[in-house]
Amino acid sequence: MAVWDLSVIVEDLGEDAPAISLSVTSDLHVGGVILKLVEKTQIQQDWSDHALWWEQKQKWLLRTAWALEKYGIHADARLVFMPQHKPLKLGLPNGKTLRLRASFSSPVFQTVIGICRVINLRHPEELSLLRPIEEKKKKKDKDISEELYDLTQVPLTSASRPCLYNGMPAHFADSAQMEAVYKMLSVTQPPPAHEVVAKQYRPASVVDKAHIHGRWLDSSRCLMQQGIQGNDRLWLRFKYYSFYDIEPKYDVVRLTQLYEQARWALLLEDIDCTEEEMMLFGALQYHINKVAQSEPQLLTSTAAMDDLESALQSLEVKLEGESTSASDMLDTMSAPELNDYLKIFRPKRLTLKGYKLYWVKFQDTSISCFKSKEECFGEPVQQINLKVPHQAVNPSSEGMNEVYLRCEDEQQYAQWMAACRLASKGKSLADSSYQSEIQSICSFLAMQKTNSGSHGKSAEADESINTYSLVSPRYHKKYKAKQLTPRILDAYQNVSLLSLTDAIMRFLQIWQSLPDFGLAYVVVRFKGSRKDEVIGIAPSKLIRIDLGVGDVVKSWRYNNMKQWNVNWDIKQMAIEFEGNVNIAFSCVTADCKIVHEFIGGYIFMSTRSHNKSNTLNEELFHKLTGGHEAL
């Protein structure tokens with residue numbers, strides 16, 4: 001075969017170094033090219049992480065057994081020989097910056113798995129990387145160098161779970177400096193100064209939020225293919241708000257970073273809440289900070305005790321499984337039910353009608369509504385099979401209509417809310433967790449009540465409380481600090497006895513119950529429409545928002561979705577739901593791939609199960625989210 005010259009730039013030789021010319025034939029395999037290249041550099045070093053990057057085609061030549069001819073490489077190819085792992089500056093949910101080595105040659109999905117393995121964060125499939133929004137900088141801020149927590153020296157391990165030492169991965173026990181990095185990852189940060197919050201970007205509208213969600217990286221392509229270079233800055237964030245198998249004992253870093261992401265979302269008004277909820281969030285932050293400073297953080301459980309506990313847990317699951325059939329029989333023989341008068345409201349567009357009183361019956365996992373108690377033995381006016389907590393959702397030919405139930409008092413609310421939560425998991429009122437669910441809701445309601453008259457001593461004892469760092473800026477404008485302090489301390493009375501873990505879990509529970517929780521927005525244009533609208537992507541459904549009035553026009557649930565397709569040429573998504581419902585839209589503020597990945601990602605999250613092993617079905621994730629490239 002004809003011999004020809006191939007030019008390769010070796011990154012390690014420096015920017016100004018000329019390309020190395022190799023004499024090759026088309027049947028020479030990529031491994032042979034690398035061998036010739038290394039010999040010609042005459043540098044003795046470990047080259048095992050290096051690979052060839054083809055600039056024109058934006059692809060790595062990772063199949064070293066393939067011949068140049070098979071890849072389609074000719075003399076005009078611009079090849080760069082460089083490491084596959086490079087340093088990356090990673091902005092964490094807690095606002096700190098971590099510098100570590102990440103894979104620039106694997107799909108981003110795998111890169112995130114590698115990052116999470118280094119920082120000991122379980123369930124990496126819930127996180128992803130996005131391009132950052134720059135802070136508002138003033139001229140005088142120029143000289144301040146940011147604090148970097150360096151993990152570039154940590155060896156990249158292939159083990160799915162790192163070896164633990166004193167509850168943290170062994171590489172964090174190497175030095176006091178490394179231990180400080182783990183402390184930053186696993187301990188909640190003190191409330192930020194007012195100036196720090198003011199410097200951050202705050203979305204002013206749903207459209208602003210939509211622009212942020214247009215910054216997510218593509219999980220199927222590598223960092224290099226998306227224009228990311230070594231030492232570039234990216235954000236690591238929870239992307240899919242479907243948090244699976246939270247275990248405080250093993251999830252110290254995960255819970256801390258999740259709390260930080262939720263806290264910042266509230267402070268930057270990325271998610272709306274009521275004034276009472278904001279005071280409670282402020283109180284919980286105040287308490288969490290207070291306890292975090294006094295409680296020892298690092299776990300000290302021994303591996304033997306962990307093994308014993310997991311063995312007992314699996315035995316318990318096995319025993320529970322064996323007795324299922326008998327308990328199911330008892331449930332069906334004498335399943336209890338709820339019966340009461342409730343006010344019901346079906347929100348429709350441009351309607352002014354309010355709540356109407358119905359006799360409502362809750363049996364198994366469904367709600368039946370009757371005009372009166374006397375008619376309860378006949379046909380119900382409406383029957384709803386419950387599939388989501390605290391909001392009955394009723395399918396119609398055009399999508400999903402929401403139905404609101406209003407209760408008379410807290411006890412009634414707790415009973416019906418608990419029943420709805422159990423029904424959403426497919427459980428009836430006979431389930432043993434029903435009473436504990438009621439108690440949990442009652443204690444949550446008690447926390448939301450302000451404890452008037454009890455804050456005097458606390459306020460005097462703690463005048464140093466920095467209220468402006470605990471609530472979002474809109475309350476800075478509305479109230480003075482001395483007005484906020486007693487209100488936050490009122491709410492604090494109800495949470496002051498919680499342990500650190502319980503307080504963080506409570507914070508996350510209340511955050512998850514907010515109406516806008518987990519919504520990712522994208523500005524779209526529906527087929528046949530001339531105006532821009534917004535699609536909200538939630539963990540279990542899509543919602544259509546009218547930009548003019550900001551109202552939810554319609555919602556569609558994923559479990560009623562038959563199929564979805566993307567026309568990549570015209571950047572249009574088409575989704576088919578049960579009942580011959582078809583919607584199609586093009587994306588304005590984000591690539592279609594981002595929406596496609598969100599929907600496929602949430603469907604993937606719902607396939608995770610305790611019965612299966614903890615190994616991630618990566619192939620399924622790429623099938624559901626990868627689009628035409630993956631298929």
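Mentor: Buried means under 20% relative accessible area, exposed over 50%, and partly exposed in between, with a 1.4 Å probe and protein chains only. This is a predicted model, in which local features need pLDDT of at least 70 and side-chain atom pairs count only at pLDDT 80 or more, while totals for chains, interfaces and linings use all residues. Residues are numbered from 1 along each chain as its sequence is written, and side-chain values use heavy atoms, with hydrogens and water left out.

Trainee: What is the relative accessible area of Val 253?

Mentor: Val 253 belongs to helix H7, residues 252-267. Helices (H or I, at least four residues) and strands (E, at least two) are DSSP runs, numbered from the N terminus. Val 253 counts as buried because its relative accessible area is 0%.

Trainee: Which residues does Val 253 contact, leaving aside its neighbours within four places in sequence?

Mentor: Contact means heavy atoms within 4.5 Å. Tyr 182, Leu 185 and Ser 186 are buried residues of helix H4 (residues 176-186), and H7 is included in what covers the buried residues of H4. With those neighbours left aside, Val 253 is in contact with Ile 119, Asn 120, Leu 121, Tyr 182, Leu 185 and Ser 186.

Trainee: What is the average pLDDT of the protein chain?

Mentor: pLDDT is the predictor's confidence in each residue, from 0 to 100. In this chain, 82% of the residues score at least 70, and the average is 84.

Trainee: Over residues 298-305, how many contacts does the model have beyond near neighbours in sequence?

Mentor: The pLDDT of this stretch is below 50. Beyond near neighbours in sequence, the number of its contacts in the model is eleven.

Trainee: How many residues apart in sequence are the parts that Glu 125 and Arg 608 tie together?

Mentor: A salt bridge is a side-chain nitrogen of Lys or Arg within 4 Å of a carboxyl oxygen of Asp or Glu. Glu 125 and Arg 608 form one, with the closest N and O atoms 2.6 Å apart. Glu 125 lies in the loop between H3 and strand S8 (127-130), and Arg 608 in the loop between helix H17 (592-605) and helix H18 (618-625), so the separation of the parts they tie together is 483 residues.

Trainee: Is Arg 474, the partner of Glu 269 in a salt bridge, buried or partly exposed?

Mentor: The N to O distance in this salt bridge is 3.7 Å. Glu 269 is buried, with a relative accessible area of 14%. Because its relative accessibility is 38%, Arg 474 counts as partly exposed.
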